[in-house]
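Hi,

Here is the model I promised to pass on.

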Amino acid sequence: YGQLLGYIFLITAVAVLVMNFNHNAKRLDTELDWSFLALKSGFGITQKWVVHHGYHNNLNVLLVGLMNTIVVSILSIVASSVIGAIIAMGATARNIVLQKTAAVYVNIFRNVPLLIQILFWYNLCVTKLPTVKHTATLFSIAVNNRGIYLPTIQHHEMVYALFVGGTILHLLLLRIFQYRKVASTTIARYNMLPLASLTTALIALVFIVISWLQGALTPPVIGRFNVSGFHIYPEFIALFFGLTFYTAAYNAESIRGAILAVPAGQQEAAESLSLNPWQSFVTVILPQSIPGFIPPLTSHYVNLAKNSSLGLSVGYPEVFAIFAGTVLNQTGRATEIIAIIMLVYLVLSAVIIASMNWFNRKQSHWAGGQVQ
């Protein structure tokens, strides 16, 4: 009966909202109209992963903003996970200095509002970095108060071949080292995060070096008034740093709690097998703590994706800023645009949740055959 009443209440609420919308639409002599998506936007966007000019339509603006949101969200999720894991390991270490350092980090970045952190990083990038005239360079990377300039790719076919080859090599290494002998016990290496991170970093380094030696990467050219190269804008840097360090503090606490929830006897059992502290952490403690921190990390990742809308405060062209901001001001189609934005964030959150649920099921399956 409870579920039936719940469904009845939900259907009634939706019906009331629909009737209220229809009544107000008739009273104001307006109706839903999606034709504005095909109209020319009339403005350009500087930071974009999809080609856009003023003659492109508003649907393309939505795609540009969505791609900007997805890129900064994915990069921040990966970076915040790595930083959070490092902070959590420091917080659970036996070294008092590492413990206090981790506690200071968490207390600072978790208690300062995210908007303030984003504005802090933005003003730091804009006001404290050198001007274009005094652009600083380091390993073919140029930095000034207009952002970071990376080498551009020239020979795309070779870069694609290196990328595919590096990916295949990475997968082969993971497969080869899937199992290893530890104290006469075969332990399934489903907890391959340290090895995966190391091999990925090495493959990426080799990839960059080969590309540079073969002339596929062209370093930035510093001119009198500007710098040419792959441009990372200060708005992106500020939003990325803000989201990353803020979310990493929450990730660290979730991972730390899951690590401390593992029974102390597991550590003693690992030591009895003559495992060193790193081996015991990677092969015993971490695998058992993964089910404990996946659910809270899922919530943190969803919040990170939604918090990317704060890029509006520094002018980063994410989907909310340019679609629910500029396009809404030009077209006035508030109902349609807000509905699209709500759907975008709903789908984005659903994808993150589904991905984490898939990983949770996979790690549970791998954990079932951990010790053979």
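Two housekeeping points. This is a predicted model, so local features need pLDDT of at least 70 and side-chain atom pairs count only at pLDDT 80 or more, while totals for chains, interfaces and linings use all residues. Residues are numbered from 1 along each chain as its sequence is written, and side-chain values use heavy atoms, with hydrogens and water left out.

**Overall**

The chain has eleven helices and ten strands; these are DSSP runs numbered from the N terminus, helices being H or I with at least four residues and strands being E with at least two. It has 372 residues, of which 35% count as buried. Contact here means heavy atoms within 4.5 Å. Among contacts with a separation of 6 or more, 69% are between residues 24 or more positions apart. The chain exposes about 21,500 Å², and carbon and sulfur atoms supply 69% of that; the areas come from the Shrake-Rupley method with a 1.4 Å probe, and for residues only the protein chains shown count as cover.

**Salt bridges**

There are three salt bridges in the structure, each being a side-chain nitrogen of Lys or Arg within 4 Å of a carboxyl oxygen of Asp or Glu. E336 is in one of them: its side chain meets that of R333 at 2.7 Å, N to O. R333 is partly exposed, with a relative accessible area of 22%.

R110, E253 and R256 are linked in a network. E253 and R110 meet at 3.9 Å, N to O. That pair joins distant parts of the chain, with E253 in helix α7 and R110 in helix α3, 143 residues apart. E253 also pairs with R256, at 3.1 Å, N to O. R256 and E253 are three residues apart in helix α7, so about one helical turn separates them.

**Helix α3**

Helix α3 covers residues 96–111, and its 16 residues should span 22 Å at 1.5 Å a residue; the end C-alpha atoms are 22 Å apart, which agrees. (The expected span is 1.5 Å times one less than the number of residues.) A102, Y105, V106 and F109 are buried in α3. Seen down the axis, the buried residues fall within an arc of 95°, so they line one face of the helix; the arc is that of the directions from the helix axis to the C-beta atoms. As a reminder, an α-helix has 3.6 residues a turn, so residues three or four places apart point the same way. Turned away from the buried side is a face with the exposed residues V97, K100 and N111. The cover over the buried residues of α3 includes α2, α4 (114–128) and α7 (234–260).

**A surface patch**

What makes up the nonpolar patch on the surface? I74, V78, V82 and I86 do, with about 350 Å² of accessible area together. Patches are made of residues with over 30% relative accessible area and no salt bridge, joining like charges within 9 Å and nonpolar side chains (Val, Leu, Ile, Met, Phe, Trp, Tyr) within 5 Å. V82 lies in helix α2, residues 58–91, and is partly exposed at 45% relative accessible area.

**Two single residues**

H300 sits in helix α9, residues 277–307, and is buried, with a relative accessible area of 15%. Setting aside residues up to four places away in sequence, H300 touches T247, Y250, N251 and S254.

S228 belongs to strand β9, residues 227–228, and counts as partly exposed at 39% relative accessibility. S228 and Y149 are 79 residues apart in sequence, yet 7.3 Å apart in space, C-alpha to C-alpha.

Cheers

Note on methods: Buried means under 20% relative accessible area, exposed over 50%, partly exposed in between (1.4 Å probe, protein chains only).
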